[in-house]
Amino acid sequence: MTSKPSIVADTEYQPSAVPFWRDPDKRAIVFQVVALLLVAFVSYYLFSNTQANLERQSIATGFGFLGKEAGFEIGESLIAYSAADRYVDALLVGALNTIKVSFIGIVFTIVLGTLVGIARLSSNWLVAKLAGSYIELMQNIPVLLQLFFWYAIFYESFPSPRQALNPFAGVFLCNRGLIFAVPETHAAHATMGWAFAAALVIGWGLHRWGNRRQARTGQIFPSIRVSMALCIFLPFLVWVFAGTPTAMDVPELQGFNFKGGVTVSPEFSALLLGLVFYTAAFVAEIVRAGIQSVGRGQVEAAMAIGLLPGQVLHLVILPQALRVIIPPLTSQMLNLTKNSSLAIAIGYADFVAVTNTTINQTGQAIEGVALIMLVYLFFSLSMSLFMNWYNKKMALVER
Amino acid sequence: MKLNRVTALVAILSLLAAGIAFAGKDLDAVKKKGFIQAGVNGGVFGFGMPDEKGVWKGLDVDTARAVAAAVFGDASKIKYVPLTAQQRFTALQSGEIDLLTRNATRTLSRDTQLGLNFVTVNYYDGQGFLVPKKLGITSAKELGGATVCVLPGTTTEQNAADFFRTNKMDWKPVVIESTSELAKTFFAGRCDVLTSDASQLAGTRAIAPNPKDYVILPEIISKEPLAPAVRHGDDQWRDIVDFSVLAMINAEELGITSENVDEMLKSSDPTVQRFLGVIEGNGSALGLDEKWAYNIIKQVGNYGEVFERNVGVNTTLGLERGLNALWTNGGLMYSPPFK
């Protein structure tokens, strides 16, 4: 059953010697060897030419600069960092900032994109048209412009810290960002975190047990609701046992800026809003396509056998729609992560911004750009690895 | 047939390799092109910025024009490449530009690790702070806790970090790559302070919605000798750029201006005669036309003229000569003998 074209089989004619350029198999090998040689030659040429040029201009090479003192400050950081730390610490701060904005951005994008995608299919004319115009508008304005727009809104329209808006006690909004009170650090907080994690594990166990029991006896166990209650109740219990610590770290205006509390900077907010609103428009279309790919008969059949609307969504529509949704959704998540490098335009200290400064101070452009490529490759590959695993899990199981 | 194509490709690639290897001579490349590609700022008034008619103006622009006048006898043979602070050195290293005249501070690490050669300083600057008057601040020592607007990839960024660290003050940088975007952000109040070289602060204040609302604090926290730069590898090119700057300084010292340069050709002073190429020697030593210095002064002017025209007291910037006066007037501008 091989699919080789066999003209010979018809005629039973075998030529004595086929020249190699007439034999597709041999020809293919020759082409591949030539292509490989060309690639090798070009890479060797680029590498040696770069080496020679760097040497001629006596530009330092290597990654030794990573251990030197960075000497520049970074606006926001998830870890302790000062100008006295090394370049490698500065780069780590940048990478964490990229992860922060990408992760939060992806979560918000999926939520917003799903809502808009469903709204697009709504039978309510106004809702459907609103969602449609949102998608058209956001998809067709370059994301960089959108970033400038959001950033300008923050610094142009919000007042200075001394006239900060104070909508609720402990929450301030000004052109330095959103500043709000948080509970003062207390030993109980770590334990509460563990309690929350424990609740998640128990919830997962309950869900599995509930499913098995349902398969055996047909009885339904409300595992989702019980898990949610556990997630709230367990940390709360720890908090009560720790003596209900209620001290708050309230931001206060001191000199130029607010001290205390947590600050969400305008740069971060503008980048997050820009990326989320832009990418969500694409996700909405993906979600819509996914839902529409499930045949109408499926829904009607599900309702005919008496499933509730929630069950129809959960058991019939979603499992089939997700197969269509996941692959393009993955590529949108990767897009968002890569687009976050536009941060440099509005002053958010992401990995590219920090690396650029490092390149400029040390002159190690090739090493710096190589690091940027490596880090983004790592982000992208690990994300698509995870999504491929999830996709396989969701894929149609053929029996 | 196939083989022929491969051979042709290999031949083309080796030609390319050869071409790049020979391009090491920056001067030859410039002469062959017929113009100089100069990296300039593009957004700093008085140093490098196109005017409303699109004509490039500024102290750094005039420095580049002086080099073109020396090499081609025509100050207009330049293509300007506006660069951000972050792009400038890479652009020079990679050969995208032949000459960098973009208010770059000469430092040890830039001169060595970046593979650059800085030549004679064309503006002695220092870093200062620009604040809105309504903050009521009179000294940089009162800036504890401030949010500071700063350009990335500059010595300014590091100096600010050092200054706040030395004075044990907290601060938060807002780092934006584009000079104009940074100024806009500062005027809108995103930062309390804008820090940069004092000359740039004067330029930024000049384009503020209301310049009188802003004040430059008295502290100058660093030395910023701004100098043109070339890449390593062509000493003759470096000499030409260096002496083009020096020629402007020397002319001011000799009292030669763009207006009297033709009369000065008749001067009996051998120093002037040597400088203007009446007595030959300097031109051939640099590999240029003997009239090179004459062309610079005739077409661009001496350093004093260039300074006053672009940034001096009668311009919007209104900067005093200060450190940039001739050594004979208590400044730092000093040229070696032209012989």
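**A walk through chains A and B**

Hi everyone, let's start with chain A, whose secondary structure comes to 12 helices and 7 strands; these are DSSP runs, numbered from the N terminus, with helices (H or I) of at least four residues and strands (E) of at least two. Please keep in mind that this is a predicted model, where local features need pLDDT of at least 70, side-chain atom pairs count only at pLDDT 80 or more, and totals for chains, interfaces and linings use all residues. Residues are numbered from 1 along each chain as its sequence is written, while chains are lettered from A and ligands numbered from 1 in the order in which they are written.

Now, the overall form. The C-alpha trace of chain A spans about 95 × 80 × 45 Å along its principal axes. Of its 399 residues, 27% count as buried, meaning that 20 or more other C-beta atoms, placed from the backbone, lie within 10 Å of a residue's own.

What about the inside? The largest nonpolar core has 159 residues; such a core is a set of buried Ala, Val, Leu, Ile, Met, Phe, Trp, Tyr and Cys residues joined through C-beta atoms within 7 Å. Helix H8 of chain A, residues 266-292, gives the largest share, 16 residues. Leu271(A) and Ile296(B) are among the residues with the most contacts inside this core.

Finally, where the chains meet, the contact takes 36 residues from chain A and 38 from chain B, and two residues are in contact if their C-beta atoms, placed from the backbone, lie within 7 Å. On the chain B side, S10(B) brings the largest share, 5 residues.

How values were computed:
A residue is buried if 20 or more other C-beta atoms lie within 10 Å of its own, exposed if 12 or fewer, and partly exposed in between; C-beta atoms are placed from the backbone.
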